[in-house]
Amino acid sequence: MLVPAHPLNVKPLGNAFTADENIKTEAGSFALLPDELIIQIIEWLDPSGLLQLGCTCKALYAFSRQEDLWKMLYLGSAPPQIKWQGSWLSTYLGVSKDQLSRVSCKNLFSDTLHQPFLCAYTSLKPYTRNIPPANAIARLSDLSAEDFANKWADEPFILTDPIRQWSVYRQWSTDLLLEKYGHIAFRAEAVDWPLKVYVDYMLNNSDESPLYLFDRSFVEKMDLQVGKHDGSHYWPPDCFGEDLFDVFESQRPDRRWLIVGPERSGSTFHKDPNATSAWNAILRGSKYWIMFPSNPSDPPPPGVYVSEDQSEVTSPLSIAEWLIGFHGEARKTRGCREGICNGGEVLHVPSGWWHLVVNLSPSIAITQNFVPKAHLTNALAFLKYKPDQVSGFKNDVKDPYELFVANLKEKEPELLKMGLADLERGRKRKWEELTGANGNEGGGCKPFSFGFGDGDDEDVP
């Protein structure tokens, strides 16, 4: 797909070197500033000031029309009544997109203004096809709980059969959801919108990173029955077995979400919270996944940077920006796994794996996090040694680790005993790596931290 011309005729910065004119010179003192700094300055303006600035010259008109500025203004005000008008500017002003002025800003050259537009219209196909065989995520019809526990708990895979029995797979479509739940508000990142408004947005936006509907209370809002019994709408695939976080009962952290989004929406690289594994079931549409295991000896995925304790993750602001800049390198990186999960299929994300996911078409999915028996030690280590990164619990849970241990001691005492023994062995191995096999401290060691392989984790709701 060819990238269309920018709606205001802005061109990339490199074109300025062969141009006879550059209208940024007409922007007064702003002409002396880097484009990135101009955006940072005008972010402080209120809507009236931003509109007035856009009246001073064509260059500043283009800067004042940048959609992300108006998106931030809208999200900061979040009016209770909303009608999506096709853009953030028109929605904020309460007019149709066709009523907005459009001034040609020919001979303005700016990567800061052009790059988001380029990313919003760059085709995803070159990045999601021709997956190298060595990278391909395994595709299976189904698995037994025994095979999952013994062979597959640490590997990503796609199952093609289990969810086809769900009534939500057989019945749900965008039209049906609108008919039954169009008036109900669902969480879409920073806003709570009626589903009808979100679908209007989903079908008519030009965002570089479209809002992703990601609602943790959908079961209650939609009055769904979960579990393998008569009248059930869906249930976790049998192969994943027991979820050890079920011992928390009503105090367990957030675990399941409804996910709806347009093409190009998705999640940048992250690990699932609290050292959990996850399954992601696609009811409509398709998603591209790229994944990497997390090992103490390996760096994070290309283009992803983490703080020393791995509590903060920095990466390109949009999925398209990462694909353009780092996808080629990522495909050649050790451990890379890629795959496309289609409607009627479910993908397994092992505990601790980095993953990026992007919708290739408008999609509806259900995802759930869980702790299989094979990853009990990971969960214990995370809750004990990374309490500042634990998330999703209600405020009345003061010490998730102690509560987890107490509940396991009551319901799964032998399993807990084995998990704590593994945790202690892992702690001793880590200490030996830090000090040397003879127990003497070595020079030049990095600050001590517990890695436990896939215990390091970025929290994404």
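Guide: The model is a predicted one. Thr-377 lies in helix 14, which spans residues 376-385. This threonine has a relative accessible area of 18%; because the limit for a buried residue is under 20%, Thr-377 counts as buried. Leaving aside residues up to four places away in sequence, Thr-377 is in contact with Gly-419, Asp-422 and Leu-423.

The helix around Thr-377 may be considered next. In helix 14, eight of the 10 residues are buried, so the helix is largely enclosed by the rest of the structure. The buried residues are Leu-376, Thr-377, Asn-378, Ala-379, Leu-380, Ala-381, Phe-382 and Leu-383.

Helix 11, residues 195-203, also has buried residues, namely Leu-195, Val-197, Tyr-198, Val-199, Tyr-201 and Met-202. These pack against two helices, helix 5 (88-93) and helix 10 (174-181). They also pack against strand 3 (185-188), strand 4 (191-194), strand 5 (213-215) and strand 6 (256-261).

Glu-312 sits in the loop that runs between strand 10 (305-306) and strand 11 (313-314).

Notes
Residues are numbered from 1 along each chain as its sequence is written. This is a predicted model: local features need pLDDT of at least 70, side-chain atom pairs count only at pLDDT 80 or more; totals for chains, interfaces and linings use all residues. Side-chain values use heavy atoms; hydrogens and water are left out. Buried means under 20% relative accessible area, exposed over 50%, partly exposed in between (1.4 Å probe, protein chains only). Helices (H or I, at least four residues) and strands (E, at least two) are DSSP runs, numbered from the N terminus. Contact means heavy atoms within 4.5 Å.
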